[in-house]
Amino acid sequence: MRHSPLTTEISPDGRHPSGEGPRSGRGEVPVTRVGGLAGTRPPLATPSLPDSVPLVAVAHGSRDPRAAATVEALLDQVRLARPGLPVRTAYLDHAAPTLGQALHGLREAAVLPLLLTEAYHSRVDLPAALSEARARDPRLRVHYGTTLGPHPLLLAALERRLSESGVRPGDPDTAVVLVSAGSSDARANAVIADLARLWSDGGQGRRAGWWRVVPAYASAAGPTPAEAVAALRRAGAPRVAVAPYLLAPGFFADKVRRESGADVVADVLGPAPELVDVVLERYSEAFAAVAAAPVA
């Protein structure tokens, strides 16, 4: 599915602990992107891809070294899956290299946000950083991909992590709390609520079976994971498991594990094979449509 051009908006809100929120008074940055939403995997528009064009994957960044290690583990799996593809890493905050440093010396790149939802970082921070890079080098040609989520393979990755924690996928005696970091952008939070509803109903070719699936947010929105777990227990759920919709370990993952009160807390998504497939699909889509014009 193709996205129409987006114009990012500056929010007057301050940042919450994840770094969500404005860093400066930058104005609007128009940017066009493409990518599949939760649904069937879209066919590629080109029979072969220019693997000589480097993939620059941009993660949020964290002061916790486990986060960068997890991002690198994911990208190492991408390199193994596509040996001829040059892959570089960049971070929006708290870690090096910056996007500008990762793009240095390149004439063309596919820039992909390693973010699980469309929110402030993908709508404002990343396009602004790309504009700054283009201002420094007008010859730089950038294909801008969409965020990793929403995507049906992420449900498979969530079920993989639950299974590794001893929870049978679709167990009718288990209620699941789908936990994201949370955002000051209500649209991003709505995506998590829709994903929980889809998962609970057995969408994307999955049989309905869970006792229930509900959303929760580690910051900036409610309910919190602990509130969601408590509500499910009051409603009679025999067992409650938490599925973190988080890419890497860090502040939020630790907080959820420590405070949720669930019977089971699965691991973060990390370098799950499904995420490798999503990254490579997003790379393909960055070249797939006329709408994916280079950022000017």
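I began with leucine 148: leaving aside neighbours within four places in sequence, it is in contact with Pro113, Leu114, Leu115, Leu116, Leu154, Leu275, Val278, Val279 and Arg282. I count a contact when heavy atoms lie within 4.5 Å.

A note on what I am looking at: this is a predicted model, where local features need pLDDT of at least 70 and side-chain atom pairs count only at pLDDT 80 or more, while totals for chains, interfaces and linings use all residues. Residues are numbered from 1 along each chain as its sequence is written, and side-chain values use heavy atoms, with hydrogens and water left out.

**Leucine 148, continued**

I found leucine 148 in the loop between β6 (141-144) and α4. Helices (H or I, at least four residues) and strands (E, at least two) are DSSP runs, numbered from the N terminus. Is leucine 148 buried or exposed? Its relative accessible area is 1%, so I put it down as buried. My cut-offs are under 20% relative accessible area for buried, over 50% for exposed and partly exposed in between, with a 1.4 Å probe and protein chains only. I also checked proline 113: it sits 35 residues from leucine 148 in sequence, yet the C-alpha atoms are 7.1 Å apart.

**Glutamate 118**

Next I went to the loop between β5 (108-113) and α3 (120-136), where glutamate 118 has its place. This glutamate counts as buried, at 12% relative accessibility. I noted that its side chain makes a polar contact of 3.4 Å with the side chain of threonine 146. By polar contact I mean a pair of N or O atoms within 3.5 Å; within protein, one must be able to donate a hydrogen and the other to accept it, and residues adjacent in sequence count only if both atoms are side-chain atoms.

**Helix α5**

I then checked the length of α5 (residues 186-201): at 1.5 Å a residue, its 16 residues should span 22 Å, and the end C-alpha atoms are 23 Å apart, which agrees. The expected span is 1.5 Å times one less than the number of residues.

Which residues of α5 are buried? I listed Ala188, Asn189, Ile192, Ala193, Leu195, Ala196, Trp199 and Ser200. They cover an arc of only 155° around the axis, so they lie on the same side of α5. That arc is taken from the directions from the helix axis to the C-beta atoms. Their cover includes α4 (152-164), β7 (174-180), β8 (212-217) and β9 (239-244). On the face turned away from the buried side I found the exposed residues Ala186 and Asp201.

At the start, a side-chain oxygen of aspartate 185 comes to within 2.9 Å of the backbone nitrogen of arginine 187. Just after α5, glycine 202 has a positive phi of about 80°.

**Aromatic pairs**

How many aromatic pairs does the structure hold? I noted 3. Rings of Phe, Tyr and Trp (its six-membered ring) pair if their centres lie within 6.5 Å; planes under 30 degrees apart are stacked, over 60 edge-to-face and the rest tilted.

Tryptophan 199 and tryptophan 210 have ring centres 5.9 Å apart and planes at 80°, so I logged the pair as edge-to-face. Tryptophan 199 lies in α5 and tryptophan 210 in the loop between α5 and β8, so the pair ties together parts 11 residues apart in sequence. Both tryptophans are buried.

Tyrosine 283 and phenylalanine 287 are also edge-to-face, at 5.1 Å centre to centre and 70° between the planes.
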